[in-house]
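The stops below are given in the order to select them.

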Amino acid sequence: MATIRILGIDPGLGCTGYGVLEMDRTTLVYVASGRIRSDEKLPLAERLASILSGLSEVIDSYHPVEVAVEKVFVNVNPQSTLLLGQARGAAICAAVLARLPVAEYTALQVKQSVVGQGHARKEQVQEMVKRLLKLPGHPSPDAADALACAICHAHGGLGALPARGKRVRAGRIS
């Protein structure tokens, strides 16, 4: 099995986190992470364009072959949920324009895969990402969430619905 480079994305209108890692069989190796900020003073269309162009630059720089994106959760504030969905759409468009396959995971699935429980706190996610990728320090919360999404994808999306014709038994897809 060849090395696979995965881009994880934690979409947000103000700050979109990204994390790139490589998987060689069962070994995960950190490549890069960061965040793309959009200026809240700009019109929505320009903010979405900055997310799209920022992620396009990340894709051009690190050449991932697969992308994992966190799904939007329904918020108490419908306006916030709508804006987050639009940021997520811009992130997915960056991957699609680069002709990369996109996998989607809920926050619950990502946390379950990385921490072992779906209701983990941000600090727990940061700590586990640091440990799993052997990082010298904690990544920012946005970058940690993006790296966690990539880790979840590398682990086969633990908690994700199994592929057609497959079933989950004892936490494994068979």
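Select Lys122 first: this residue is partly exposed, with a relative accessible area of 41% (buried means under 20%, exposed over 50%, partly exposed in between, with a 1.4 Å probe and protein chains only). A salt bridge here is a side-chain nitrogen of Lys or Arg within 4 Å of a carboxyl oxygen of Asp or Glu. Lys122 lies in helix α4 and Asp145 in helix α5, so the pair ties together parts 23 residues apart in sequence. Helices (H or I, at least four residues) and strands (E, at least two) are DSSP runs, numbered from the N terminus. Asp145 is buried, at 9% relative accessibility.

This is a predicted model: local features need pLDDT of at least 70, side-chain atom pairs count only at pLDDT 80 or more, and totals for chains, interfaces and linings use all residues. Residues are numbered from 1 along each chain as its sequence is written, and side-chain values use heavy atoms, with hydrogens and water left out.

Next, select α4, residues 122–132, where Val125, Gln126 and Val129 are buried. Just after α4, Lys134 has a positive phi of about 55 degrees.

Move to Arg88 and Glu104, which form a salt bridge with the closest N and O atoms 2.0 Å apart. Arg88 sits in helix α2 (residues 78–97) and Glu104 in strand β5 (residues 102–105). Arg88 is buried at 13%, while Glu104 is partly exposed at 37%.
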